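The following paragraphs lead the reader through selected strands, a turn and a few individual residues. Please consult the sequence and the coordinates alongside the text.

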Amino acid sequence: MAKTLELIFETAGGKAVTLTVDEPRSDLTAQELFSGMQAIIDQSVFEISASPLASVKSARIVERNVVEYEA
């Protein structure tokens, strides 16, 4: 089962932005998660269309099953 962590932010311009992390740690706590997201905002790591990330909107882990068939 493939897991993806989705970090959802809002820019200063009001646009929602999702950053994804493949195979996140299984022991990640909500406190670590939101502290890390706030650090991304505080350090101005990303800017989308000349608008910096302004606030944490939400986060979630998405699990999906992938079945590959070879020819």
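**Strands, a turn and positive phi angles**

Ala 50 lies in the loop between S3 and S4; helices (H or I, at least four residues) and strands (E, at least two) are DSSP runs, numbered from the N terminus. The model is a predicted one, in which local features need pLDDT of at least 70 and side-chain atom pairs pLDDT 80 or more, while totals for chains, interfaces and linings use all residues. Residues are numbered from 1 along each chain as its sequence is written, and side-chain values use heavy atoms, leaving out hydrogens and water.

Ala 50 has a positive phi of about 65° although it is not a glycine. With a relative accessible area of 68%, Ala 50 is exposed (buried means under 20% relative accessible area, exposed over 50%, partly exposed in between; 1.4 Å probe, protein chains only). S3 and S4 form a hairpin with 2 residues between them, and Ser 49 in the turn has a positive phi of about 50°. Strand S3 (residues 47-48) pairs with S4 in the antiparallel sense over 2 bridges, pairing requiring at least two bridges found by DSSP. Ile 48 stands opposite Ser 51 in S4.

S4 (residues 51-64) also pairs with S1, in the antiparallel sense over 10 bridges. Within S4, Ala 59 is the bridge partner of Leu 7. Glu 6 lies in S1 (residues 2-11) and counts as buried at 16% relative accessibility. Its contacts (heavy atoms within 4.5 Å), not counting residues up to four places away in sequence, include Thr 18, Ser 58 and Arg 60.
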